[in-house]
Amino acid sequence: MDRVRQLHDQYFRLADSALSGIPAAQALQDKTGVPKVYGAAGVAALGLVLVLFNIGAPLLVNLTGFGYAAYASMEAVESPGKEDDAQWLTYWVVFGLLNVVEYFTGFILYWVPFYYPIKLGFLMWLMLPATRGAERLYTTGLKPMLHQARTGQRAAAAAPTAPTAAPAAAAAAKSTESKSD
């Protein structure tokens with residue numbers, strides 16, 4: 001039981017320090033007396049229940065996929081390093097592609113049980129820095145497809161074109177003129 005208490009305290013301190021920079025969380029703690037960590041956990045649990053029961057799930061899942069990523073992207077832009085910039089640019093490419101695919105296949109995805117909880121888990125996997133899912137998906141799937149498409153375009157541009165009928169017809173007309181002279 002002591003080990004559980006130690007883990008609770010460790011993660012509580014970590015979450016409390018992360019929430020300290022959010023004025024709304026601090027204001028909620030001041031007004032209610034409930035620690036901001038428990039308030040955030042309650043909001044997250046309520047959101048998860050709503051997604052599980054498909055009550056506003058498309059909006060909640062897309063807000064989650066957009067909200068945290070937008071915040072982290074702004075932080076990455078302000079940071080001096082460029083490594084986190086690449087991570088979030090990659091996330092936005094994958095997120096955008098996912099939304100385009102979802103737009104065209106939405107009528108099929110509607111019938112998939114627990115689609116929105118699965119999408120929420122997938123988006124979390126994509127965006128969390130610990131998993132770097134967007135980077136993995138980009139390097140193993142999207143980047144090879146893009147490279148193949150570029151190679152196909154270059155090969156098509158470099159291929160000689162077949163002569164068209166117009167020059168051949170012009171040559172035949174010219175030879176007919178020369179014979180008649």
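Predicted model: local features only at pLDDT ≥ 70, side-chain atom pairs only at ≥ 80, totals over all residues.

Student: Which residues make the nonpolar surface patch, and which helix gives the largest share?

Tutor: A patch is made of residues with over 30% relative accessible area and no salt bridge; nonpolar side chains (Val, Leu, Ile, Met, Phe, Trp, Tyr) are joined within 5 Å, and like charges within 9 Å. Accessible areas come from the Shrake-Rupley method with a 1.4 Å probe, and for residues only the protein chains shown count as cover. Here Leu48, Val49, Leu52, Phe53, Ile55, Phe114 and Ile118 make a nonpolar patch of about 720 Å². Helix H3 (residues 36–52) supplies the largest share, three residues.

Student: Where is phenylalanine 114 placed, and is phenylalanine 114 buried or exposed?

Tutor: Buried means under 20% relative accessible area, exposed over 50%, and partly exposed in between (1.4 Å probe, protein chains only). Phenylalanine 114 sits in the loop between helix H5 (83–109) and helix H6 (115–127). Phenylalanine 114 counts as exposed because its relative accessibility is 54%.

Student: How many salt bridges does a search of the whole structure find?

Tutor: A salt bridge is a side-chain nitrogen of Lys or Arg within 4 Å of a carboxyl oxygen of Asp or Glu. The search finds four. In one of them, aspartate 16 meets lysine 36 at 3.7 Å, N to O. This pair links distant parts of the chain, with aspartate 16 in helix H1 (residues 2–19) and lysine 36 in helix H3, 20 residues apart. Aspartate 16 is partly exposed at 26%, and lysine 36 is buried at 8%.

Another salt bridge joins the side chains of lysine 119 and glutamate 102 at 2.7 Å, N to O. Lysine 119 in helix H6 and glutamate 102 in helix H5 are 17 residues apart, and the pair links distant parts of the chain. Lysine 119 is buried, with a relative accessible area of 3%, and glutamate 102 is buried at 13%.

Student: Which residues of the largest nonpolar core touch the most other members?

Tutor: In soluble globular proteins, nonpolar side chains tend to be buried together. A nonpolar core is a set of buried Ala, Val, Leu, Ile, Met, Phe, Trp, Tyr and Cys residues joined through side-chain atoms within 4.5 Å. Of the 16 residues in the largest core, Trp88, Tyr91, Leu123 and Leu126 touch the most other members. Helix H4 (57–78), H5, H6 and helix H7 (133–158) each give two or more residues to this core, and H4 gives the most, with five.

Student: Which residues of H4 are buried, and what covers them?

Tutor: The buried residues of H4 are Ala57, Val61, Gly65, Ala69, Ala70, Ala72, Ser73 and Ala76. Their cover, judged by contact (heavy atoms within 4.5 Å), includes H3, H5 and H6. Tryptophan 88 touches Tyr68, Ala69, Ala72, Ser73, Ala76 and Met127, not counting residues up to four places away in sequence.

Technical notes:
Residues numbered from 1 in each chain as written. Heavy atoms only, no water. Helix = DSSP H or I, 4+ residues; strand = E, 2+ residues; numbered from the N terminus.
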